[in-house]
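User: I am new to this structure and would like to learn how to read its features. Please take them one at a time.

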Amino acid sequence: MAERIVKEAQVPFDLGGSRFDQIATDLFSDYSRSRIQAWIKEGVILVDGQPIKAKEKLFGGETISLNVEIEAQEEHQAQEMDLDIVYEDEDIMIINKPAGLVVHPAVGNRDGTLMNAILHHAPETAHVPRAGIVHRLDKETTGLMVVAKTLVAQTDLVAQLQERSMGREYEAISIGEMTGGGIVDEPIGRHPHNRQKQAVEPVNGKDAVTHYRLVNRYKNHTHIRLKLETGRTHQIRVHMAHIQYPLVGDPQYGGRLKMPKACSPELQEALRNFRRQALHAKKLELAHPTTGEWMEWEIDLPDDMQHLLDALKQDMQESGSEDSEYY
């Protein structure tokens, strides 16, 4: 099924002299500027019933009309799958993503993804780009994600991400004993020799800022809490590896598994069996796209990360040391 959007507005005289696309973006602020420009190019946004170019200037008093039909994303199949839904209303859905679940369909993962599950649970998202997914988590990263159920909600949430007003906090277990928290402000881009990886790229990378602080410090490992200002691909994993504290279990950035000296058999087993990056999206904060209400969610660590932390703590106690709590 297709969804039709019909809107009409008169151009205020105080906007006279501005470009058509700028005025249309102001009047139809529920939609992004790039979407408005695309609709102008398609001829579905008219001025006094006539199509004109985006750069033409208006005088004020004209009537701008929008009449567009949005086709459902039939190329992606809706599939019934279990979803851990933390919160849901008519506009948004907060999901606790498990490890091993791919977010978007891609080569090698055409179905069985979070997008397929969302399309089944909320069929209206078929009319929203990427089924309303506005940010992503890596396949093996767990935790909170927000999904927009309407085009208006998606436009607002994307704007919050771009303005860096949406709060996202993670917890992770890194290799090595940190002495304190800090900030990593290093641009990230595609790795120059491995297209499957990202890297700190001072020349061609995009700005990326990660704040981190200590939760607990163990022998050879540190439990940390991180907050993102930006959302680059693999950002936390790349930044932590860059400062020589890669995440436990990270197959791309953590290097080969090295056992700490004189660690307990229980810890050795826990480390060997932890085969994903120890990273969890623990907290999410945002302004509701319709009401403007500030909302927060926080989710417990998954069992595998908690088991690893328990093993680290037990190893400290058996060695006669105490873990250092900072948070």
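User: Which strand holds Glu-169?

Analyst: Helices (H or I, at least four residues) and strands (E, at least two) are DSSP runs, numbered from the N terminus. Glu-169 belongs to strand S7, residues 167–175. This is a predicted model, in which local features need pLDDT of at least 70, side-chain atom pairs count only at pLDDT 80 or more, and totals for chains, interfaces and linings use all residues. Residues are numbered from 1 along each chain as its sequence is written, and side-chain values use heavy atoms, with hydrogens and water left out.

User: Is Glu-169 buried or exposed?

Analyst: Buried means under 20% relative accessible area, exposed over 50%, and partly exposed in between (1.4 Å probe, protein chains only). Glu-169 counts as buried because its relative accessibility is 10%.

User: Which residues is Glu-169 in contact with, leaving aside neighbours within four places in sequence?

Analyst: Contact means heavy atoms within 4.5 Å. On that basis Glu-169 touches Arg-213, Arg-225, Leu-226, Lys-227, His-280, Ala-281, Lys-282 and Lys-283.

User: How many bridges join S11 to strand S12?

Analyst: Strands of a sheet pair through backbone hydrogen bonds, either parallel or antiparallel. Two strands count as paired if DSSP finds at least two bridges between them. S11 and S12 (residues 221–228) run antiparallel and are joined by seven bridges; Thr-210 stands opposite Leu-228 in S12. Three residues lie between the strands of this hairpin, where Asn-220 takes a positive phi near 70°. S11 (residues 209–217) is also joined to strand S8 (residues 182–185), antiparallel, by four bridges, with Tyr-212 as the partner of Gly-182.

User: Which residues have the most contacts inside the largest nonpolar core?

Analyst: A nonpolar core is a set of buried Ala, Val, Leu, Ile, Met, Phe, Trp, Tyr and Cys residues joined through side-chain atoms within 4.5 Å. The largest one has 28 residues, and those with the most contacts inside it are Leu-114, Ile-118, Ile-133, Tyr-170, Leu-226, Ile-236 and Met-240. Elements that each supply at least two of its residues include helix H3 (114–121), S7, S11 and S12. H3 gives the largest share, four residues. Apart from this core lies another, of 21 residues, among them Ile-23, Ala-24, Trp-39 and Ile-70.

User: What is the strand order in the open sheet of three strands?

Analyst: The order is S1-S3-S2, with antiparallel pairing. Strand S1 (3–10) and strand S2 (45–47) are the edge strands, each pairing on one side only. S1 and strand S3 (residues 63–70) pair over eight bridges, and Ala-9 stands opposite Ile-64 in S3.
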